[in-house]
Amino acid sequence: MANDAVSAPVHRALTLPARPARDSLWADTARRFRRHRLAMAGTVVLTAMVVAVLAGPLVYRVPINDIDFRAKLKGPSWAHPLGTDDLGQDLLARMLYGGRISMAVGIAAMLIAISAGTLIGAVSGYVGGPSDHVLMRITDLFLCLPQLPLLLLIVYLFRDVLKSTLGPEAGVFMLIVAVIGGLRWMPVARLVRAQFLSLREKEFVEAARGLGAPPLRQVVRHILPNAMGPVIVAGTIDVAAAIIAESTLSFLGLGFPPDIPTWGRILFDAKDNLDFAPHWALFPGTGIFLTVLSINYIGDGLRDALDPRKVLAH
Amino acid sequence: MSRYLVRRLLIAVPALLGISVVLFTVLALAPGDPFEELATNPNVPREVAQQLRAKFGLDDPVPLRYARWFTSMLRGDWGFSFVSRVNVDTLILQRLSTTLFVLGSAQLLGLLVALPVGTLSALRPYSFFDQVATTLAFIGFSLPTFFTGLLFILLFSIYLDWLPFIYRADIAATGWQWFWEHFKQAIMPISVLGLFQGASLTRFTRSAVLDVIRLDYVNTARAKGLSERVTVVKHVVRNALIPVVTLVALQVPQIFTGAVVTEQIFRVPGIGSLLITSILANDTPVIMAITFVFSCLVVLFNLVADLVYGWLDPRISYR
């Protein structure tokens with residue numbers, strides 16, 4: 001009894017100062033994220049690029065395929081802020097347009113990779129048993145596949161069909177997004193599975209189970225939200241990886257057709273003119289580099305912000 | 001150790017089988033086949049086309065075709081290139097050594113950069129050196145290889161005119177001259193690939209060393225009077241290498257991506273650039289074979305990683 005009298009005020013004294021800091025998980029994460037200076041810089045740069053790519057073509061109304069041989073291979077000038085290519089087409093206009101596609105590919109491929117990975121990891125981790133075993137062997141198998149050669153093989157085999165059924169732009173877009181996403185879900189699946197294995201034994205999930213929550217509700221309402229931290233980080237990095245994968249394909253001349261100037265495609269066209277028109281390669285290359293660097297820094301910041309070990313430290 | 005090796009080998013076999021099934025499924029699902037031209041060519045009678053199809057078993061069920069393809073791959077019969085009119089295996093063997101040379105040297109360069117830099121960074125975390133190193137590493141793996149390659153060409157071949165940007169397999173010189181020419185032309189492809197690998201490996205090494213360095217056994221090593229060098233090299237780095245080896249193995253498929261790109265940029269006559277030319281020339285047998293060779297290399301390097309793993313941590317091989 002005497003113990004109670006002592007411990008009660010102490011207990012209150014311990015909890016009271018903590019009150020004002022009782023933010024939600026996401027407010028906490030945002031606060032820690034803002035402390036990561038380079039991640040904030042990455043956010044600013046990436047936001048600027050996204051805004052430029054989305055709003056740019058509305059403001060800067062130079063057509064992307066306006067051929068002007070008098071102005072071909074010119075460096076940056078007032079008429080053409082980023083110079084022109086070998087047909088005298090304006091590079092800024094082409095980069096703004098191509099950036100839309102590069103970023104759209106990155107985000108769409110990331111969504112596919114994340115959804116597939118989460119689904120497979122969740123089934124594997126929640127159901128367990130033989131299906132877990134089979135799914136994990138499939139994951140291992142996919143991790144062994146050499147990505148770029150396989151990507152090239154699939155694009156080579158299926159490009160013409162999709163082009164003829166969906167049109168050149170949509171067909172190639174769907175194909176590239178599906179294949180890049182389809183070859184990148186494995187790390188997410190492993191992460192989600194590991195999270196599920198530990199979370200499904202936790203008391204709060206047991207409580208939900210005890211209260212009669214059906215499996216789907218347990219997964220969607222209780223386990224999945226708690227497993228999303230590493231998935232968000234992996235997803236961020238996946239956007240960068242997908243942008244690089246698409247640029248690589250286009251750079252090898254096997255991605256988008258020449259009339260769709262993604263950044264990789266511009267580099268492909270520019271690489272044989274490096275000696276007299278370096279600006280043609282430098283601008284799209286820098287575009288890819290800055291986008292990828294910003295995304296990677298954002299991923300790094302998110303990792304720090306979402307890391308449960310850091311939650312204890314701050 | 002030998003039992004461990006055998007077990008690893010037995011795991012590699014189903015992996016190869018699985019990969020071959022995936023590759024063949026992709027091919028079987030794809031529309032069109034090599035005899036499509038015959039069907040539309042008016043000069044070839046219908047019956048002849050049919051007979052040819054039957055002779056090569058193109059209308060057989062997919063599993064049967066798979067079995068035939070896989071057994072002939074095993075026997076070393078890799079088919080015939082549509083374009084070069086040479087057996088696929090000779091075509092690949094001619095070029096495989098160049099690819100392995102570039103890949104191996106690049107990986108070596110990456111490790112030579114990453115291990116010391118990553119370890120030094122972790123020994124003094126958040127020092128000036130560490131901040132420079134981590135920033136450079138971040139920039140390094142955000143720079144895609146195709147862009148670094150172009151930047152290198154622009155700087156070293158065009159502005160400075162130090163290095164050739166086309167890789168030649170048939171250098172006429174002999175002796176030291178030959179060696180020097182080879183060395184000069186290999187610098188750029190190897191450093192593009194090696195520095196890219198090195199950048200991500202540096203980060204892995206740094207975090208692996210950071211995880212180990214605070215453990216009690218390291219304090220024990222210091223307390224019993226071992227020099228800092230011995231403590232770091234023999235006690236810290238050896239244990240920190242274990243996760244690094246795993247990551248190196250996991251990254252092998254990624255290195256091949258870089259290899260294809262650098263071979264294409266610098267016109268290195270390896271199997272990566274052969275893959276691109278075959279795709280542009282619709283040379284399906286070569287494409288399939290190269291993809292399969294890349295997969296085999298992945299499995300092989302995973303096997304090597306497992307062995308290194310067993311050597312670094314003897315407990316693993318006894319389990």
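**Notebook: chains A and B**

I read chain A along its sequence and got the pattern α-α-α-α-α-α-α-α-α-α-α-α-α. The model is predicted: local features need pLDDT of at least 70, side-chain atom pairs count only at pLDDT 80 or more, and totals for chains, interfaces and linings use all residues. Residues are numbered from 1 along each chain as its sequence is written, and chains are lettered from A and ligands numbered from 1 in the order in which they are written.

I counted 13 helices and zero strands in chain A; these are DSSP runs, helices being H or I of at least four residues and strands E of at least two, numbered from the N terminus.

I looked up burial next (buried: 20 or more other C-beta atoms within 10 Å of the residue's own, C-beta atoms being placed from the backbone). Chain A has 314 residues, and 44% of them are buried. For chain B the figure is 36% of 319 residues.

I then checked contacts (C-beta atoms, placed from the backbone, within 7 Å). In chain A, 70% of the contacts with a separation of 6 or more involve residues 24 or more positions apart.

Chain B also shows 13 helices and zero strands. Its C-alpha trace spans about 85 × 55 × 35 Å along the principal axes.

Last, I went to the contact between the chains, which takes 34 residues from chain A and 37 residues from chain B. On the chain B side, α12(B) gives the largest share, eight residues. By class, that side has 30 nonpolar, seven polar and no charged residues; nonpolar covers Ala, Val, Leu, Ile, Met, Phe, Trp, Tyr, Cys and Pro, charged covers Asp, Glu, Lys and Arg, and the others, Gly among them, are polar.

Note on methods
A residue is buried if 20 or more other C-beta atoms lie within 10 Å of its own, exposed if 12 or fewer, and partly exposed in between; C-beta atoms are placed from the backbone. Two residues are in contact if their C-beta atoms, placed from the backbone, lie within 7 Å.
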